[in-house]
Amino acid sequence: MRYLGILLLGVLLGGGAAIFFLGAPRARSAPGVPVKAPDQGEDPGGTVVITLQQGFVDAVLATTFSGLDAPTFHFSQSYNRQGYMRPAMFQGGCTNSITLLPEGSGVKTSVQFHGGNISAPMAFVGSYNLLGNCIQFKGWAQTNIQLSFDQAQQTVYGHVNVDGVNLEGVSPVANNFVTVFVQTAINQRVNPLVLVGERQLSLLVPVKASNGAVKARVKDVRAEILDGSLKLHVTYEFTSVRGQMQG
């Protein structure tokens with residue numbers, strides 16, 4: 001009982017100290033405005049629907065892990081983006097990094113569309129310097145993705161929110177520090193995700209006979225999240241551009 005009491009006290013103190021030194025793991029604010037579901041009835045005029053199937057997203061992730069370097073997020077500066085100081089003793093020679101894995105801890109890194117939500121389990125390994133001790137850890141994080149649209153940037157973003165972190169082989173006291181570290185790394189280094197950028201959304205329809213073109217600019221984006229697919233309802237506003245055609 002005495003050992004259990006000391007262990008519980010260490011866990012509580014560890015959690016408080018982790019937040020004191022590293023700050024609460026707050027995510028960056030998402031650019032633009034949240035993407036809502038489509039209104040009932042037909043889409044407004046000038047709307048196109050972009051569909052992302054689950055298989056397409058799986059293929060992109062598979063190619064990322066097989067053909068590129070594994071996504072790695074480092075924390076090496078003395079201050080994080082929230083302004084919280086990280087003491088020098090936390091930096092040392094440890095890499096203070098997290099690397100995403102295609103699979104690990106019984107979990108496959110993926111993006112899943114289901115039940116009106118976008119979830120993204122992430123398997124990872126990493127290292128963290130705690131009081132001069134380099135802690136090697138692995139585990140997985142359960143996250144969800146919220147969509148937003150920035151009209152000025154003509155970009156649809158994904159914002160990753162961490163629902164929970166599951167670590168393997170980390171002591172109860174160190175667990176709190178590593179959990180906050182993982183949450184902060186995902187919140188601050190992954191966000192925001194550019195899902196569809198201006199180059200993909202922009203439209204310019206040449207009208208040679210009229211010596212001009214019709215330019216389309218996105219004014220609204222709605223999202224329909226189905227089981228196995230994501231449908232973006234993109235509504236455009238149109239303007240004429242004169243004198244842009246040559247020969």
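This structure holds 1 disulfide, a term used here for a pair of cysteine sulfur atoms within 2.5 Å. The model is predicted, so local features need pLDDT of at least 70 and side-chain atom pairs count only at pLDDT 80 or more, while totals for chains, interfaces and linings use all residues. Residues are numbered from 1 along each chain as its sequence is written, and side-chain values use heavy atoms, leaving out hydrogens and water.

**The disulfide**
- The bond joins C94 and C134, whose sulfur atoms lie 1.9 Å apart.
- The link of C94 and C134 is right-handed, with 75° about the S-S bond.
- Helices (H or I, at least four residues) and strands (E, at least two) are DSSP runs, numbered from the N terminus.
- C94 counts as buried at 12% relative accessibility, whereas C134 is partly exposed at 43%. Buried means under 20% relative accessible area, exposed over 50%, and partly exposed in between (1.4 Å probe, protein chains only).

**The largest nonpolar core**
- A nonpolar core is a set of buried Ala, Val, Leu, Ile, Met, Phe, Trp, Tyr and Cys residues joined through side-chain atoms within 4.5 Å.
- The largest one has 45 residues, and F124, F137 and V182 touch the most other members.
- Elements giving two or more residues to this core include α2 (54-67), β9 (122-130) and α3 (172-190); α3 provides the largest share, 8 residues.
- Beyond its neighbours within four places in sequence, F137 is in contact (heavy atoms within 4.5 Å) with residues including I98, F124, L167, F181 and V182.
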